[in-house]
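Here is a short report on one protein chain.

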Amino acid sequence: MAQSKNTPKTSTTKQGAKTTRRQNAEKGFTASPTLAKNLQAVLVDLLELALQGKQAHWNVVGRNFRDTHRQLDEIIEDARTFSDTIAERMRALHAVPDGRSATIAATTTLPEFPAGEVSTSETTDLVTERLEATVATLRDVHDAVDEEDPTSADLLHAVIERLEQFAWMVSAENRSPAGR
């Protein structure tokens, strides 16, 4: 069966991100498959960070529980906001974000979060590791994104800045003063 002129065509990138044909759409920049793939990788890790943050939030126990519990809420809220911003940027560039659970599980760079209760000290280390993994993804794709679309790279800058700040703040909970 032939595809009608009104049926949007899509193409799939290696990580599942798609781009659409601009049918009846505004004029403007369209993401290349590489840009769509890179933004998809960021999206997946941000979504996974929010999910794992919630897992940690529900199951953290021990000293400084309340502070850790609340700090996790901040991380979760920002990860969700950032993931929405990245997904909407993808749509603005005629790319199709894929936030399905199977896609997230299959493509995230974040290690799996342990099941059950986790001490505040271990949670601090685990969350720091996941924040740093997410930042690593952002930094891995940054230069290629910036080369093709500086506006999308500007979004990545804001995400990197905030997640690195969180990593510093969270990791400080388990640190000792330098030189002591």
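## Fold

The predicted model holds 5 helices and 5 strands. Read from the N terminus, the order of elements is β-β-α-β-α-β-α-β-α-α.

## Surface and burial

The protein has 180 residues, and 42% of them count as buried. Its accessible surface is about 10200 Å². Carbon and sulfur atoms account for 49% of that surface.

## A negative patch

Which residues gather in a patch of negative charge on the surface? They are D143, D146, E147 and D154. Helix 4, residues 120-148, is the top contributor, with 3 residues.

D146 sits in helix 4. Its relative accessibility is 31%, so D146 counts as partly exposed. Patch members must have over 30%, a cut-off that the 31% of D146 passes.

## A buried threonine

T124 also belongs to helix 4. Is T124 buried or exposed? T124 is buried, because its relative accessible area is 4% and the cut-off for buried is under 20%.

Leaving aside residues up to four places away in sequence, T124 touches V170, S171, E173 and N174. A167 lies 43 residues from T124 in sequence. In space, the C-alpha atoms of T124 and A167 are 9.3 Å apart.

Key:
Residues numbered from 1 in each chain as written. Predicted model: local features only at pLDDT ≥ 70, side-chain atom pairs only at ≥ 80, totals over all residues. Heavy atoms only, no water. Patch = residues over 30% accessible without salt bridge, like charges linked within 9 Å, V, L, I, M, F, W, Y side chains within 5 Å. Areas by Shrake-Rupley, 256 points an atom, 1.4 Å probe, with all protein chains shown as cover. Salt bridge = Lys/Arg side-chain N within 4 Å of Asp/Glu carboxyl O. Lys, Arg positive; Asp, Glu negative; His and termini not counted. Charge placed at Lys NZ, Arg CZ, Asp CG, Glu CD. Helix = DSSP H or I, 4+ residues; strand = E, 2+ residues; numbered from the N terminus. Buried < 20%, exposed > 50% of the residue type's maximum accessible area, 1.4 Å probe, protein only. Contact = heavy atoms within 4.5 Å.
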